[in-house]
Amino acid sequence: MNELKLAVLGSRGAGKSALTVRFLTRRFIGEYASNSECIYTKHLCLDGRQMNLEIYDPCSQPRQGKLSLTDELHWADGFVIVYDISDRASFAFAKALLYRIRDSHLTACKRVVESAVFLVGNKQDLCHMREVGWDEGQKLAMDNKCQFCELSAAEHCQEVMTMFTKVLRTIITNFKVKEKRRPSGSKSMAKLINNMFGKRRKSV
Ligand SMILES: Nc1nc2c(ncn2[C@@H]2O[C@H](COP(=O)(O)OP(=O)(O)OP(=O)(O)O)[C@@H](O)[C@H]2O)c(=O)[nH]1
């Protein structure tokens with residue numbers, strides 16, 4: 001059984017709860033309590049694999065503007081970064097979040113890794129009030145090597161499902177790559193024994 005941890009981040013009111021609840025229940029609920037953070041859990045089957053998913057939906061009120069994110073970066077396997085296309089400030093906040101995630105990968109891995117990050121321009125139904133262009137979102141995502149889409153949590157159920165599914169698949173792919181890079185305990189031990197006794201045998 002796989003355990004996947006996803007953090008949904010973004011500025012206050014960008015639609016983090018709306019997206020999360022849409023994915024988990026397929027429903028759009030107009031208003032959400034924004035004074036408490038939540039970790040939602042869901043058991044799901046993806047590509048024939050059973051997994052336990054945890055989604056962290058923070059309360060952005062008291063921590064708005066603070067980008068330490070240390071706990072989230074350690075906890076999460078992937079991120080959905082949400083901004084509101086009708087709110088330029090939320091785009092600036094999303095950009096700062098992406099830079100913070102990228103910097104943490106740089107220090108952790110000494111190189112940029114293909115991370116499980118999805119940049120989402122939410123509230124596409126409000127495109128008559130648009131303040132952030134589609135191409136700006138696309139460019140920011142390309143610059144930070146993450147996936148991108150615009151959608152509306154209010155109106156696009158299927159797009160929301162697809163976006164979450166893609167980020168979960170990326171997390172699983174990253175897990176597989178990490179597994180391949182790290183030799184398993186038994187293989188390392190076999191190599192060690194072989195190095196020690198193999199060499200001795202040669203010298204006899
Ligand atoms: N028109 C429109 N409104 C949306 C959409 N998604 C969310 N909203 C509304 O935007 C407001 C904020 O949504 P939330 O999901 O609470 O946003 P949040 O990012 O979780 O906000 P905090 O919990 O305060 O950080 C609510 O009134 C939602 O109904 C959308 O796709 N379109």
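Visitor: Which pattern does the chain follow when read along the sequence?

Guide: This is a predicted model. The chain has seven helices and six strands. Read along the sequence, these elements give the pattern β-α-β-β-α-α-β-α-β-α-β-α-α.

Visitor: What share of the residues of the chain counts as buried?

Guide: The accessible surface of the chain comes to about 11700 Å², and carbon and sulfur atoms hold 54% of that surface. The chain has 204 residues, and the share that counts as buried is 43%.

Visitor: Among contacts with a separation of 6 or more, what percentage joins residues 24 or more positions apart?

Guide: One residue with such contacts is L6, which touches V80, F164 and L168, among others. For the chain, the contribution of residues 24 or more positions apart to the contacts with a separation of 6 or more is 74%.

Visitor: Where is G15 found, and is it buried or exposed?

Guide: G15 is found in the loop between β1 (2–10) and α1 (16–25). Its relative accessible area is 13%. Buried means under 20%, so G15 is classed as buried.

Visitor: How far apart are the C-alpha atoms of G15 and D71?

Guide: G15 belongs to the loop between β1 and α1. Along the chain, G15 and D71 are 56 residues apart, and the separation of their C-alpha atoms is 21 Å.

Visitor: How many of the 10 residues of α1 are buried?

Guide: The buried residues of α1 are K16, S17, A18, L19, T20, V21, R22, F23 and L24. Just after α1, R26 takes a positive phi of about 70°. Helix α1 is largely enclosed by the rest of the structure, because the number of its 10 residues that are buried is nine.

Visitor: Which element gives the most residues to the largest nonpolar core?

Guide: This core has 30 residues, and those touching the most other members are L6, L19, F23, V80, M163, F164 and L168. Two or more residues come from each of β1, α1, β2 (38–46), β3 (49–57), β4 (78–84), β5 (117–122) and α6 (157–181). With nine residues, the element that gives the most is α6.

Visitor: How many residues are in the other core that lies apart from it?

Guide: Members of this other core include L97, V132, L140 and C146. The core lies apart from the one to which α6 gives nine residues.

Visitor: Which helices does the salt bridge of R88 and E136 link?

Guide: The side chains of R88 and E136 meet with an N to O distance of 2.8 Å. R88 is partly exposed at 36% relative accessibility, and E136 is partly exposed at 30%. The two residues are 48 residues apart, and the helices they link are α4 (residues 88–109) and α5 (residues 134–143).

Visitor: In the salt bridge of E150 and R130, which residue counts as buried?

Guide: The side chains of E150 and R130 meet at 2.8 Å, N to O. E150 lies in strand β6 (residues 147–150) and R130 in the loop between β5 and α5, so the pair ties together parts that are 20 residues apart in sequence. R130 is partly exposed at 32% relative accessibility. At 10%, the residue that counts as buried is E150.

Visitor: How many disulfides does the structure hold, and which cysteine sulfur is nearest to that of C157?

Guide: The structure holds zero disulfides. C45 is in no disulfide, the nearest cysteine sulfur being that of C157 at 19 Å. C157 counts as buried, with 18% relative accessibility. C157 is likewise in no disulfide, and the nearest cysteine sulfur, 13 Å away, is that of C149.

Note on methods: Residues are numbered from 1 along each chain as its sequence is written. This is a predicted model: local features need pLDDT of at least 70, side-chain atom pairs count only at pLDDT 80 or more; totals for chains, interfaces and linings use all residues. Side-chain values use heavy atoms; hydrogens and water are left out. Helices (H or I, at least four residues) and strands (E, at least two) are DSSP runs, numbered from the N terminus. Buried means under 20% relative accessible area, exposed over 50%, partly exposed in between (1.4 Å probe, protein chains only). Contact means heavy atoms within 4.5 Å. Accessible areas come from the Shrake-Rupley method with a 1.4 Å probe; for residues, only the protein chains shown count as cover. A nonpolar core is a set of buried Ala, Val, Leu, Ile, Met, Phe, Trp, Tyr and Cys residues joined through side-chain atoms within 4.5 Å. A salt bridge is a side-chain nitrogen of Lys or Arg within 4 Å of a carboxyl oxygen of Asp or Glu. A disulfide is a pair of cysteine sulfur atoms within 2.5 Å. Lists of a residue's contacts leave out its neighbours within four places in sequence.
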